[in-house]
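Trainee: I have just been handed this structure and would like a slow walk through it. Could you open it up for us?

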Amino acid sequence: MSTSQCANDIRSAVAALNRGDVSGYLRHFGTPSARWVDGIDEAFSLNDVDENLGHLLSAFDGLHLAEELLFGTDRYVCAHWRMTGRHVGEYFGAAPTGREIDVRLCEVYEFDAGRVSTTWTHGDPAVLLGQIDGPAISDRPQ
């Protein structure tokens, strides 16, 4: 069974992000490209995504998206990610805590003309903030 080109494009985009290359990540997205996030009523633009990713990379040392599951067709790709890192910079008003984050999320990507045209991000955005404000990962119930 072969992997779709679209799935390979998502892997390539995330590899760029994991290297800290936001521009390399965004090269896989068309213009315009809407990103819908659970719990938020308006889609994020590519400029919003660029800004947020830059903020994440500066606030979390070693920020990394690990692939837990990724599959797709020539139009849609679904990915389950595990995002990890250490909180070293201000993030949405939270001062650096040095705490580790471990957040799981799922994204569905729609492709048009070889680029991502729409992304749906599923997960609770409050989980990350709870991890940097709450007890350390090692102190959390399993």
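**Aromatic residues, sheet and core**

Mentor: Let us start with Phe92, which is exposed, with a relative accessible area of 57%. Please keep in mind as we go that this is a predicted model.

Trainee: Is Tyr91 buried or exposed?

Mentor: Tyr91 counts as buried, because its relative accessibility is 7%, whereas Phe92 is exposed.

Trainee: How many aromatic pairs are there?

Mentor: The count comes to three aromatic pairs. One of them joins Phe60 and Tyr91, again edge-to-face, at 5.3 Å centre to centre and with 70 degrees between the planes. Phe60 belongs to strand S2 while Tyr91 sits in the loop between S3 and S4, so this pair ties together parts that are 31 residues apart in sequence. Phe60, Tyr91 and Phe92 form one aromatic cluster, and within that cluster Phe60 is buried, at a relative accessible area of 1%.

Trainee: Switching to the sheet, what is the order of the strands?

Mentor: The sheet is open and has five strands in the order S1-S5-S4-S3-S2, with mixed pairing. Strand S1 (29-37) and strand S2 (60-72) are at the edges and have a single partner strand each, so one side of each is left without a neighbour in the sheet. From one strand to the next, the twist averages 25 degrees.

Trainee: How many bridges join S1 to S5?

Mentor: Five bridges join S1 to strand S5, which covers residues 115-122, and the two run parallel. Arg35 is placed opposite Thr119 in S5.

Trainee: Which strands does helix H1 lie across?

Mentor: Helix H1 (residues 5-18) lies across S2, strand S3 (76-87), strand S4 (100-112) and S5, and its direction is at about 175 degrees to S2. Helix H3 (residues 46-59), for its part, lies across S1, S2 and S3 and runs at about 125 degrees to S2.

Trainee: And how many residues does the largest nonpolar core have?

Mentor: That core has 33 residues, and those with the most contacts inside it are Ile10, Tyr25, Phe60, Trp81, Tyr109 and Leu128. Two or more residues each are given by H1, helix H2 (22-26), H3, S2, S3, S4 and helix H4 (126-133), and the largest share, six residues, comes from H1.

Trainee: What is Trp81 in contact with?

Mentor: Setting aside neighbours within four places in sequence, the contacts of Trp81 include Ile10, Val14, Leu65, Leu70, Val103, Leu105 and Tyr109, and also the residues Glu67, Arg104 and Glu107.

Definitions and conventions
Residues numbered from 1 in each chain as written. Predicted model: local features only at pLDDT ≥ 70, side-chain atom pairs only at ≥ 80, totals over all residues. Heavy atoms only, no water. Pairing = 2+ DSSP bridges. Helix = DSSP H or I, 4+ residues; strand = E, 2+ residues; numbered from the N terminus. Axes fitted to C-alpha atoms, helices over the stretch in contact; angles between N-to-C directions. Contact = heavy atoms within 4.5 Å. Phe/Tyr/Trp six-rings, centres within 6.5 Å; stacked < 30°, edge-to-face > 60°. Buried < 20%, exposed > 50% of the residue type's maximum accessible area, 1.4 Å probe, protein only. Core = buried A, V, L, I, M, F, W, Y, C linked by side-chain atoms within 4.5 Å.
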